[in-house]
Structure formats: structure tokens, C-alpha cells
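These are my notes from an afternoon with one model, written down in the order in which I looked things up.

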Amino acid sequence: MIPSSRDLIAGIARTLEEEVLPDLATATWTASSIRSCLSLLAHLEERVVHEGRILFEDNADMRTLLGRLRTDLSEPLPEAAVAISLALDVTRPPAGYPSVADLDAFNQRLKTVLEQTITALHDGRDSLGEDRFQSLNGSILVYLAAAAERESIMFTRAGARSPL
């Protein structure tokens with residue numbers, strides 16, 4: 001496809017920045033709105049390129065993390081382990097090339113069960129024991145840091161953008 005989605009977004013941003021924004025320099029409210037739109041367009045330029053890969057990798061990492069948590073929680077917190085099993089069964093990795101919408105839907109399901117697992121982990125802290133709790137919580141924190149780093153590419157450029 002020519003031009004690419006990224007090229008189209010960059011063209012829209014360039015037109016707004018070079019042709020529209022200078023004429024609005026004295027209209028602060030409108031200029032501020034355009035600057036916000038330019039930041040969102042900068043984010044979208046990166047998102048259309050990276051979102052599918054990021055979701056695919058995040059889903060794989062979350063499935064691995066939840067699989068480990070399911071095993072570690074099966075005895076002390078069986079309800080949490082069952083909930084994880086159900087979510088993992090529903091969100092099996094797709095065969096073939098999944099759409100971004102499918103990857104996002106899987107990602108949302110996995111995040112929901114991860115949030116529920118975090119709550120169960122904290123609620124069951126006493127029955128887990130402090131060492132086991134810290135270990136499991138630590139693995140979640142490692143995943144969250146990796147996920148934030150992976151997603152940062154979509155926001156770095158938007159955060160650095162400062163037209164006029």
C-alpha cells in the first residue's frame with residue numbers, strides 16, 4: 001500500500017504543524033488543541049508500526065507469567081489458579097496472522113485476569129507466606145517493567161514533540 005498509514009499520519013501532522021498552527025499562534029485555545037492533536041498524531045505514527053508486535057509480545061509474556069502463577073498458586077489459592085486456567089484456555093495464541101483487534105482483545109482478557117490474580121495474591125498474602133508472596137509479586141513487577149519498556153516506543157516521540 002502506498003502511502004503507508006504512518007506516511008498518512010505524518011502528512012496530516014506536517015500540514016497541521018506547518019500550515020495551520022502558524023496561523024493560529026494568537027488563538028491560544030485553538031493552537032493548544034492543535035498541539036494536542038499533533039502529539040496524538042506523533043503517538044499514532046509509532047503505534048501503527050509497533051502496536052501489533054507489542055501486543056503479540058505482551059500476550060506471550062503475560063501467558064508465560066500467568067502460567068507460572070497458576071502453578072505456584074494452585075495449592076494455596078486454588079480459585080486464583082482456576083481463574084487463570086480459564087483465561088488461558090480462552091486466549092490461546094491464534095493460528096496464523098492475528099489482527100491487531102484480536103491481539104488487543106486477547107491482551108485485555110489477560111490483563112483482566114492478571115489484575116484479579118494480583119488482588120488474590122495480596123488478599124492471600126498470609127496463606128502464601130512472606131517469602132512466597134515476595135517472589136510471586138516480584139515476578140509480576142518484572143513483567144510490568146518489561147511491558148512498560150516495550151510500550152515506551154509508542155510514547156517517546158509524542159512526549160518529545162513540541163511544535164511552536
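This is a predicted model: local features need pLDDT of at least 70, side-chain atom pairs count only at pLDDT 80 or more; totals for chains, interfaces and linings use all residues.

**Entry on α3.** I next looked up which residues of α3 are buried, and found Ala80, Ala81, Ile84, Ala87 and Leu88. Looking down the axis of α3, I see these buried residues fall within an arc of 125°, so they line one face of the helix. On the face turned away from the buried side of α3 I found the exposed residues Glu79, Leu86 and Val90. The partners against which the buried residues of α3 pack are α2 (28–73) and α4 (100–123).

**Entry on α4.** I repeated the length check here: the 24 residues of α4 should span 34 Å at 1.5 Å a residue, and I find its end C-alpha atoms 34 Å apart, which agrees. The buried residues that I listed for α4 are Leu103, Phe106, Asn107, Leu110, Val113, Leu114, Thr117 and Leu121. What covers them includes α2, α3, α5 (125–128) and α6.

**Entry on α3 with α4.** At what angle do α3 and α4 pack? I read an angle of about 175°, with the axes 10 Å apart, and α3 and α4 are therefore roughly antiparallel to each other, since an angle over 145 degrees counts as such. In this pairing Ala80, Ala83, Ile84, Ala87, Leu88 and Val90 of α3 meet Arg109, Leu110, Val113, Thr117 and Ala120 of α4. Sorted by class, the contact of α3 with α4 has 9 nonpolar residues, 1 polar and 1 charged. In the loop between α3 and α4 I picked out Ser99, which counts as partly exposed at 33% relative accessibility. The C-alpha atom of Ser99 is separated by 31 Å from that of Ile34, 65 residues apart from it along the chain.

**Entry on α2 with α6.** I then turned to α2 and helix α6 (residues 130–151), whose axes come within 10 Å and cross at roughly 175°; α2 and α6 are therefore roughly antiparallel to each other. The contact is made by residues of α2 including Arg53, Asp58, Asp61, Met62 and Leu65, and by residues of α6 including Arg132, Leu136, Tyr143 and Arg150. By class, I note 9 nonpolar, 1 polar and 9 charged residues in the contact of α2 with α6.

**Entry on Tyr143.** Leaving aside neighbours within four places in sequence, Tyr143 is in contact with Asp58, Asp61, Met62, Leu65, Leu114 and Arg150. Tyr143 and Leu65 are 78 residues apart along the chain, while their C-alpha atoms are separated by 7.5 Å.

**Entry on Glu18.** Last, I looked at Glu18 in helix α1 (residues 5–20), which counts as exposed at 54% relative accessibility. Glu18 and Glu75 are 57 residues apart in sequence, and I read 62 Å between them in space, C-alpha to C-alpha.

Note on methods:
Residues are numbered from 1 along each chain as its sequence is written. Side-chain values use heavy atoms; hydrogens and water are left out. Buried means under 20% relative accessible area, exposed over 50%, partly exposed in between (1.4 Å probe, protein chains only). Helices (H or I, at least four residues) and strands (E, at least two) are DSSP runs, numbered from the N terminus. The arc is that of the directions from the helix axis to the C-beta atoms. Contact means heavy atoms within 4.5 Å. Axes are lines fitted to C-alpha atoms, for helices over the stretch in contact, and angles run from 0 to 180 degrees between N-to-C directions. Angles under 35 degrees count as roughly parallel, over 145 as roughly antiparallel, 65 to 115 as roughly perpendicular and the rest as oblique. Ala, Val, Leu, Ile, Met, Phe, Trp, Tyr, Cys and Pro count as nonpolar, Asp, Glu, Lys and Arg as charged, and the others, Gly among them, as polar. The expected span of a helix is 1.5 Å times one less than its number of residues.
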